[in-house]
Amino acid sequence: MEDWSECLDVAVQIARRAGQVVACAAQQEKRVSSKSTPTDLVTETDHQVEELIISTLRHRFPSHRFIGEESSAAGVKCELTDSPTWIIDPIDGTCNFVHSFPMVAVSIGFAVRKELEFGVIYHCSDGTLYTARRGHGAFCNGARLHVSRERDVSKALILTEIGAKRDPATLDIFLGNMRKMLSAPTHGVRIIGSSTLALCHIASGAAEAYYQYGLHCWDIAAAAVIIREAGGCVIDTSGQHSRLNQSHYYYFVTNAGGVKLLY
Ligand code: IPD
C-alpha cells in the first residue's frame, strides 16, 4: 500500500513555489477576464500558475492525471477516475487577487481510486501552509489542527461564500440562507472571498461551520482532507458524508464539532 508521502512532499514544494509567483504577481498590474459570468474572474496568473504546477507534476509523475480549474474552464474534460489524480486550484480567491485583497491561496488535492489522500493549501499573502494526509492529521505550519468543539449553533461562527452567479434565483437562495443563518441565531456569518481558506479556518477551529452550494472539486479537494484530519466532516445537503465527485457541482456543508446547520 503506497503512502503517497513522496507526492505530498512534492506538492508542498510546488505549492510554495506557485504561491511565491502569485504573491509577486499580486504587486503588479493584472490582466483580467471573465469566464462563466462577469463576476467569474480569471487572470493570466491563474493560467501561468496552473501550467507551472501541472507541468512540474506531470514531469515528475508521468502516469498521473490532472484536474485543474483553468484547464477545465478551457474545455479539458474534468474526469475523476481510479488513477492517481491531482486536483488543482492555482489561485483560489481570484477576485481577491485582482483587488489585492489578501485572502488568496494555492490549493492542491490528490485522490487515488476516488479517495482523497492528501491536501495542501498555501496562503499566498502570509505564507501559511496547511497540509493533511489521510490518517496522519492536519497541520498549519507544522502545528496540529483541530476543529472547534462548539456544538450549539447559537454560539457558532458560520462561514460561507457567494460564488460567481448573480441571477435572481441564485440571489434569492443565497439571501434566504443568509437570513436563516443570521436569525438562527448564530454569533455571526463571514465571507472572506476564498472558499479554501475559509475551510482552513474551519479546520483550525476559528469558525464552526461552512456552507456553500456549487463548490467545484478544485475548491474542496485539498480542504476536505484537511478538515477531516482536523476532526471535522464534509457532508452534502442530505447530511450524507460526501465523496469526491468529478462533476462540477460539489456542494458544501462542512460541519465541525457537530453543529447542525441544514438538516
Ligand atoms: C472561488 C472562490 C469563491 C467561491 C467560489 C470559488 P476561484 O474560487 O473560492 O470564494 O465563492 O465558489 O469558485 O474562482 O477564486 O478559484
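I began with what the buried residues of α5 pack against, and found β10 (157-160), β11 (188-190) and β12 (209-211). I note here that the model is a predicted one.

Next I looked up α5 itself. The helix spans residues 168-183, 16 residues in all. From its first C-alpha to its last it reaches 22 Å, close to the 22 Å expected at 1.5 Å a residue. I then asked which residues of α5 are buried, and listed Phe174, Met178 and Met181. They cover an arc of only 65° around the axis, which puts them on the same side of α5. I recalled the general rule: an α-helix has 3.6 residues a turn, so residues three or four places apart point the same way. On the face of α5 turned away from the buried side I found exposed residues, including Pro168, Asp172, Arg179 and Lys180. That face also carries Ile173 and Leu175, both exposed.

I turned to the sheet. It is open, has seven strands and runs in the order β3-β4-β5-β6-β7-β8-β9, with mixed pairing. Which strands stand at the edges? I noted β3 (65-68) and β9 (143-144); each has a single partner strand, so one side of each is left without a neighbour in the sheet. I followed β3 to β4 (residues 85-92): the two pair in the parallel sense over four bridges. Phe66 stands opposite Trp86 in β4.

I checked which helices lie across these strands. Helix α1 (residues 5-26) lies across β4, β5, β6 and β7, at about 30° to β6. Helix α7 lies across β3, β4, β5, β6, β7 and β8, and its angle to β6 is about 100°.

Last, I looked at the nonpolar cores. The largest has 38 residues, and those touching the most other members are Ile67, Ile87, Ile121, Tyr130, Leu145, Tyr210 and Ile226. At least two residues of this core come from each of β5 (105-112), β6 (115-123), β7 (129-133), β8 (138-140), β10, α6 (195-203) and α7 (217-229). Which element gives the largest share of this core? I found that α7 does, with ten residues.

I also listed the contacts of Ile67, leaving out residues up to four places away in sequence. Among them are Cys78, Leu80, Trp86, Ile87, Cys217 and Trp218.

Methods. Residues are numbered from 1 along each chain as its sequence is written. This is a predicted model: local features need pLDDT of at least 70, side-chain atom pairs count only at pLDDT 80 or more; totals for chains, interfaces and linings use all residues. Side-chain values use heavy atoms; hydrogens and water are left out. The expected span of a helix is 1.5 Å times one less than its number of residues. Buried means under 20% relative accessible area, exposed over 50%, partly exposed in between (1.4 Å probe, protein chains only). The arc is that of the directions from the helix axis to the C-beta atoms. Contact means heavy atoms within 4.5 Å. A nonpolar core is a set of buried Ala, Val, Leu, Ile, Met, Phe, Trp, Tyr and Cys residues joined through side-chain atoms within 4.5 Å. Two strands pair if DSSP finds at least two bridges between them. Axes are lines fitted to C-alpha atoms, for helices over the stretch in contact, and angles run from 0 to 180 degrees between N-to-C directions.
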